[in-house]
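Please read the following note beside the sequence and the structure. The points are arranged by topic.

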Amino acid sequence: MMTNALRSAFLLSSSALLLASCGAVANGENSPDAAASSADVENGKPFNVAEVGTYDEPWAAAFIPGTEIIVVTEQGGRIVGNDIRNGRALFFTGVPEVDYGGQGGLGDIAFLPSEAADTLTPRTIYLSWAEAGSGDTRGAVVGKGQIVCEEHQTCDIRGLQVIWRQPKVSGRGHYSHRITVSPDEQYLYVASGDRQKKDPAQDLSNNLGTIVRLTMDGKPAAGNPFAARSGASGDIWTYGHRNILGMQFDDQNRLWDLEHGPAGGDELNLVKQGQNYGWPIVSNGNDYNGANIPDHSTRPEFAAPAISWTPVIAPGNFIFYRGDLFDAWKGDAIIAGLKSEAIVRVSINGETASETGRYAMDSRIRQIVEGPDGAIWVLEDGENARLLKLTPR
């Protein structure tokens, strides 16, 4: 395990703001639209890559609304901001103690778009992390607090309170703990992984293997589909999920999730109230020991994915691109690929989806964020992971 001293070492490199890398030739294009196809064929990739800084095991990132400051969480328990105008670092205090190890540690981060301001006024922050329990147990939690930033490059997280918890179980995998705020800022959606326990994802008495819908203060939201059912957890919105690492609303205010399958069967799902997505009863992949899992097509009572991948792409997260810089990508899902070491582009057509681009990055990609000007920001995975800015060629 990495020492606290190493975790707190300053790794950002502002001098790298203007460095660029042309990168490798795109990999795996499948029927892109005409504009994207022309750019991809002529240039290998439709973007330039500039290295901005490095981080230690980054997990998530978000821009503070109304600013050009990107904030990065590191699994070991550190949060660092970077003002992309000048490379100035912002260091966060008041970060919660995390249960670091395996897939656990500090997780997602979210702000409220309605609190956008061009100065660092106090504003709401949501965080997720792995919290230790009694004995050899742990579980994901979500906390809500406020950040207050001073001029000397320090932001303090104040009043941070845990507002939601998973059950504490053994193991250090499949926390999921992605956080998404509804477009109207009335609801907080949290991805709750199956914690590698499988069967609880079909058991409504707990919230493992589910997406939960909460009030902005973490209470089960009114109108949740199983709230009136005896013995069911009142926070559940959908269930039958495995390990969700991406969750976003599209331009039609529809919620989508992106999750890891087992040996095959990564999937992008349109999330609908009360639906059962079938895990571990069905999957378009097989178990790691080679045992067959029935495909979604064999059990139509379960919600099937809009698209699935075998071999896996091992997604980190995704965005729906809304900017103007990559005009041909507008409305598409842009996915971070871990094992695939790529950025994967998916186009949506109603309730189905198709892969329309894959761009080799030659490293595991953990996180993708859209910047205020429409540039795409990418975080690599692991130690000394680079923060990259993508702009059109």
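Is Thr-210 buried or exposed?

1. Thr-210 is buried, with a relative accessible area of 1%; buried means under 20% relative accessible area, exposed over 50%, and partly exposed in between, with a 1.4 Å probe and protein chains only. This is a predicted model, in which local features need pLDDT of at least 70 and side-chain atom pairs count only at pLDDT 80 or more, while totals for chains, interfaces and linings use all residues. Residues are numbered from 1 along each chain as its sequence is written, and side-chain values use heavy atoms, with hydrogens and water left out.

2. Thr-210 belongs to strand 13 (residues 210-214); strands (E, at least two residues) are DSSP runs, numbered from the N terminus. The side chain of Thr-210 reaches the backbone oxygen of Asn-207 at 2.7 Å. Among the residues that Thr-210 touches are Val-190, Ser-192, Ile-236 and Tyr-239, residues up to four places away in sequence not being counted; contact means heavy atoms within 4.5 Å.

3. Strands of a sheet pair through backbone hydrogen bonds, either parallel or antiparallel.

4. Within this sheet, strand 11 and strand 12 (residues 188-192) pair in the antiparallel sense over four bridges. Val-181 stands opposite Leu-188 in strand 12.

5. A hairpin is formed by strand 21 and strand 22, with two residues between the strands. Strand 21 (residues 342-349) and strand 22 run antiparallel and are joined by eight bridges. Asn-349 has Thr-352 in strand 22 as its bridge partner, and Gly-350 in the hairpin takes a positive phi near 65°. Why is strand 22 largely enclosed by the rest of the structure? Seven of the nine residues of strand 22 (residues 352-360) are buried, which is why the strand is largely enclosed.

6. Cys-149 and Cys-155 form a disulfide, with their sulfur atoms 2.0 Å apart; a disulfide is a pair of cysteine sulfur atoms within 2.5 Å. The count by this rule comes to one disulfide. The link of Cys-149 and Cys-155 is right-handed, with 105° about the S-S bond. Cys-149 is buried at a relative accessible area of 13%, and Cys-155 also counts as buried, at 0% relative accessibility.

Notes
Polar contact = N/O pair within 3.5 Å; in protein donor to acceptor, adjacent residues only side chain to side chain. Pairing = 2+ DSSP bridges.
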